[in-house]
Amino acid sequence: MEQLKVLPLLFLSWVMFLQSTHQLPNSQTQVLYQLRKHLEFPKALESWGNYYGDLCQIPATAHMSITCQGNSITELKVMGDKLFKPFGMFDGSSLPNHTLSEAFIIDSFVTTLTRLTSLRVLSLVSLGIYGEFPGKIHRLNSLEYLDLSSNFLFGSVPPDISRLVMLQSLMLDGNYFNGSVPDTLDSLTNLTVLSLKNNRFKGPFPSSICRIGRLTNLALSHNEISGKLPDLSKLSHLHMLDLRENHLDSELPVMPIRLVTVLLSKNSFSGEIPRRFGGLSQLQHLDLSFNHLTGTPSRFLFSLPNISYLDLASNKLSGKLPLNLTCGGKLGFVDLSNNRLIGTPPRCLAGASGERVVKLGGNCLSIIGSHDQHQEFLCEEAETEGKQFQGRKVGILIAVIGGAVLVLVFFVLVILLLLCTNRCSSCCSREKSVPQTRLKVVTDNSHTSLSSEVLASARLISQTAKLGAQGVPSCRSFSFEDLKEATDDFDSSRFLGEGSLGKLYRGTLENGSSIAIRCLVLSRKFSSQSIRGHLDWMAKLNHPHLLGFLGHCTQTSGEHDPVATILYLVYEYMPNGSYRTHLSGQSFGICSKLNVILNLSVLGKSLLLEYCLFVESFSEKILTWPDRLAILIEIAKAVHFLHTGVMPGSFNNQLKTNNILLDEHKIAKLSDYGVSAIIEENEKLETKSETHKSKYASFVLV
């Protein structure tokens, strides 16, 4: 019996012994506390200050986790709260409320970090880390996962990063790197994920990436990479390719056969879509919009077995689509708008069944009852002029080559003539006059003028493009006199309405272009620098489903008490009004009340909106269900762009049916994005001012 009583004590001692043998050494603990000090005690690490046990045993949170093996730290993940980027450029200096303070030294921080020699996973996101990324990070030679996204790192990525041969995932998204992408990344033979989105990388696409055989995800979107995109076929494991919004200007190369997602929009790719794309049997999402692609899209693109999303909008595609074209069973969205297509669209793209969303506006197609198509001869003329332009380019190329050959012959003759000078000077002079005459002929013919005509008539031109073509900059500072003249001194006949975001007027510029003017009354304490920051951010946004912001005007008004600043925001005018006006009022009013009462999330609002639109389609056929679904998809694109396509993202964008506007072709555009941020800041200033007045009044009474 005595032995049985002793056994639990022995077991407890054994457990305590095991825990003590695996406790984190004091040196490693001190490194963690030094890192917390370097990072200026972020909220994510507050729990460390009240924890007196082994940090390896500290409970993980949504913003922090530590993993240990034996006596070493193998994983460290910290998510900070510095999520928003400043307006304008970043010059590498400390920014209050955005980066760490001026006392932060990134070299010392990385030196401390490299003392955790067993680290395999390191994630330090949104912590305000700034400076040039030190090459000594290669000392963490066990690293398999490195994520330093959404910080303020700038300069070039150090070449020594290619010495992290165990690395499998490298993510540096949302920083300010402005050099070229390192051309030594093929040393990272284990790399599967490479994501360098939303930086300022320049120069050509690095050929070394094409030799990383295990790569599955490649994302270099929203940079300034230019030139030719090389053959990617050797990346046999690549599933996702994202190169959106760069300056790549070659023809489309050979693609890996296992690709699932290809995002190449907003570049300058040219030529025809290669027939080899027909072998991408696993492809689900293909976006080639806003390029310079030509030719007729081949039928194989529409019938790929797994394709669900196909966007070829805003290119120079031409010709007739085959009437017997078949669409894949999973194809749910097709956008061929703003091209030069002619003829009758095939049945699977007619869109009458509603089984898929199809956008064909801005072409020259024969669609009964459609008002968003051009006359067929315009597209044919545009295609003919395009071929003539290509012919002129070929002619110029032949002329240049011929001229070069003649110049070469001339120099050969000159050399021969010089050799003959001592023998027959008179003969040499006669021979010399012939090539000189030839040279003059070549020189005279080498200057070939090119036509500057623009094929604008063959494209669907939005109101913003018209304004730009008529001499209005993308964002300009209007004078108050300009706005008074445009609105007949803000006459009541020009008044469109008033809401929580201020009054709205319609105006007409001198060139006849229609504009909409939003009037915001701001506190006098709203600094001009802060206003400029908001306006600069709004001016940089460029998306086909965001209402075009054309300019602004500020005016001090003495009519308000106290004196206020009037901010006039000038937008493109949408002739079809708001989306709400195209819906009947009764059931949609009930939905609006439900939205307020239930205080729904963004997803909940979207689902409620879909339900309300479904109910409306039965009560009054103002817009068909496919039309409404297309509008929802367009607005979803705009919201997605505001959330993820800009730095900082914009998350409070007044997503209401009144703020969804339709142009003359009923293409949806989201308005008043960014205005809510101005209103919110203004309300804070007014609240602060009222609080100050109340305290001052109390002081006076005392």
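Which elements each supply at least two residues of the lining of the largest cavity? They are α4 and β3 (121-125). Helices (H or I, at least four residues) and strands (E, at least two) are DSSP runs, numbered from the N terminus.

This is a predicted model, in which local features need pLDDT of at least 70, side-chain atom pairs count only at pLDDT 80 or more, and totals for chains, interfaces and linings use all residues. Residues are numbered from 1 along each chain as its sequence is written, and side-chain values use heavy atoms, with hydrogens and water left out.

**Cavities**

A cavity is a set of points, on a 1 Å grid over the protein atoms alone, where a 1.4 Å probe fits but cannot get out; lining residues have an atom within 4 Å of a point. Grid points are joined across faces, edges and corners, and a volume is the space filled by probe spheres set on the points. Three cavities of 30 Å³ or more are counted this way.

The largest cavity is lined by I106, F109, V110, L113, L122, L124, I129, F133, I137, L148, N151 and L153. α4 gives the most to this lining, with four residues. The lining of the second largest cavity holds L32, L35, R36, L39, L45, W48, L76, V78, F109, L113 and L124. Here α2, β2 (72-79) and α4 give two or more residues each. α2 contributes the most, three residues.

**Second largest pocket**

A pocket is an open set of grid points with protein on both sides within 12 Å along at least five of seven lines. The second largest pocket has 32 lining residues, and F87, H98, S530, H534 and E681 are the closest to its centre. α9 (528-540) and α13 (675-701) each supply at least two of the lining residues. The largest share, eight residues, comes from α9.

The table sets these spaces side by side. Ala, Val, Leu, Ile, Met, Phe, Trp, Tyr, Cys and Pro count as nonpolar, Asp, Glu, Lys and Arg as charged, and the others, Gly among them, as polar.

| Space | Volume | Lining residues by class |
|---|---|---|
| Largest cavity | about 70 Å³ | eleven nonpolar, one polar, no charged |
| Second largest cavity | about 50 Å³ | ten nonpolar, no polar, one charged |
| Second largest pocket | about 1,100 Å³ | 13 nonpolar, twelve polar, seven charged |

**The α2 and α4 pair**

Helix α2 (residues 26-38) packs with helix α4 (residues 106-113) at an angle of about 160 degrees, with the axes 10 Å apart. Axes are lines fitted to C-alpha atoms, for helices over the stretch in contact, and angles run from 0 to 180 degrees between N-to-C directions. The two helices are therefore roughly antiparallel, a label for angles over 145 degrees. Their crossing is left-handed: the near helix is turned anticlockwise from the far one by less than a right angle.

V31, Q34, L35 and H38 in α2 meet S108, F109, T112 and L113 in α4. Contact means heavy atoms within 4.5 Å. By class, this contact has four nonpolar, four polar and no charged residues.

Notes
Parallel < 35°, antiparallel > 145°, perpendicular 65-115°, else oblique.
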